[in-house]
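Please look through the sequence and the structure shown below before reading on. The report that follows takes up a few parts of the fold in turn.

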Amino acid sequence: MSEQAELARKLEENKIIRLSETDAMFAKHWKSGALKYSRFEPFALGGTAELSTCFDNNLQRTVVFKTLHPHLRDSDVETRRFLREARVTAIISHPGTVPLYELGRDGKGALYFTMKRLQGRDLRSILKDLVEKKPDIVQRFSIVRMVDILISVCQTVGHAHTQGVIHRDLKPANILVGAFGEVTVLDWGLAKVQGEDIDSQEELERNTAQLLELTVPGKRYGTPLYMSPEQATASPDLDGRSDVYNLGSILFEMLTLKSLVWGETVEEVMEKILKRPVPSPRQVAPERHIPAELEAICLKALAKEPQNRYASVAELLNDLYSFRNGERVSVYSYSPFHYWLKWRTGHTFLLTAIVSASLGAMAVLFWLSNS
């Protein structure tokens, strides 16, 4: 059984709805808040928070319960980010974000929020399996399929931008792909929202800590980073084009199966982010047969200077749509021959109709001339 079929089977087992659940009587003296949850099981550990699955006794469903690590619960910075993640996720309310159910405090006063339990694989693990050439993953995740995933991510991020929210932490680990193709953008804890002034010193400290983490003993060589040049320098003018760069970094890795930026030292990483020219994806991975139009889209998104990138995620999305639909990509320079081929591909039905009509007219004229 393929990995996809096995995951689908598990999902079906978990989602079978039974009469004993839907029609169970609701207790007259019911519990609310954190008291309604039971059967806690560890689910995942993050750098600042811990996640558990638990059972909502009122609605008879399993959910994910997220709370800060105990040693961070008195931190104003982490508390603010935790609350921001919960509220931004809830307010955006897009099919590409995880549904958030409740924000509250448990019996000990610790903040928590609950959300839908998603099932699937993060993009980081999919890319890892592609590098390892696992047959089932290679078959399922072609370059075109990767473009479809990125389109879904761009739709979610573009929607967030219309509400004044910049994600700031887009990377494969924060993109979840479900068994049936659904794509979810996770982890909005570092999002920048309208009215927020970026504290350059705080940003520099956070980014430096992230970079220094590359050099600690036991860290895998080549740990990738996806931050934009503006993020690396903690620019106070950071806007949606920073997310465009992050999306370009993800596209680069989708196309080449190699990280755009990695290194062993802070200096090496900063040099690559700020100064090293972006390499051509087609030269980095010639064996991948990357379409030239996708390379052009990727390089446009990865321009070092924000003003040289796509002005918005919506513009990037339009070019991805054009590529998928066989239409002209705005940032690619077509030769006259290639432009004609592209036009012909996009007007197949029109050409067929013209040829059919012409042949029909010729047949009629031939019949009349010989009658």
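How many residues lie between E4 and E5 in the hairpin that they form?

## The hairpin

In this predicted model, E4 and E5 form a hairpin with 5 residues between them, and Gly109, which sits in the turn, has a positive phi of about 90 degrees. Strand E4 covers residues 100-105 and strand E5 covers residues 111-116, and the two pair in the antiparallel sense over 5 bridges.

In soluble globular proteins, nonpolar side chains tend to be buried together. Here the largest nonpolar core has 58 residues, among which Met146, Leu294, Ile297 and Leu320 touch the most other members. Helix H6 (residues 143-162) supplies the largest share of this core, namely 10 residues. A second, separate core holds 11 residues, including Leu83, Val98, Leu100 and Phe113.

When neighbours within four places in sequence are left aside, Leu294 is in contact with Ile143, Val147, Leu251, Leu255, Leu320 and Phe323.

## A threonine in helix H9

Thr256 lies in helix H9, which spans residues 240-256. Is this residue buried or exposed? Thr256 has a relative accessible area of 0%, and therefore it counts as buried, since the cut-off is under 20%.

A polar atom of the Thr256 side chain lies 2.8 Å from the backbone oxygen of Phe252, and a polar atom of that side chain lies 3.1 Å from the backbone nitrogen of Lys258. Leaving aside neighbours within four places in sequence, Thr256 is also in contact with Pro281, Val284, Ala285, Arg288 and Ile290.

Note on methods
Residues are numbered from 1 along each chain as its sequence is written. This is a predicted model: local features need pLDDT of at least 70, side-chain atom pairs count only at pLDDT 80 or more; totals for chains, interfaces and linings use all residues. Side-chain values use heavy atoms; hydrogens and water are left out. A nonpolar core is a set of buried Ala, Val, Leu, Ile, Met, Phe, Trp, Tyr and Cys residues joined through side-chain atoms within 4.5 Å. Buried means under 20% relative accessible area, exposed over 50%, partly exposed in between (1.4 Å probe, protein chains only). Helices (H or I, at least four residues) and strands (E, at least two) are DSSP runs, numbered from the N terminus. Contact means heavy atoms within 4.5 Å. Two strands pair if DSSP finds at least two bridges between them. A polar contact is a pair of N or O atoms within 3.5 Å; within protein, one must be able to donate a hydrogen and the other to accept it, and residues adjacent in sequence count only if both atoms are side-chain atoms.
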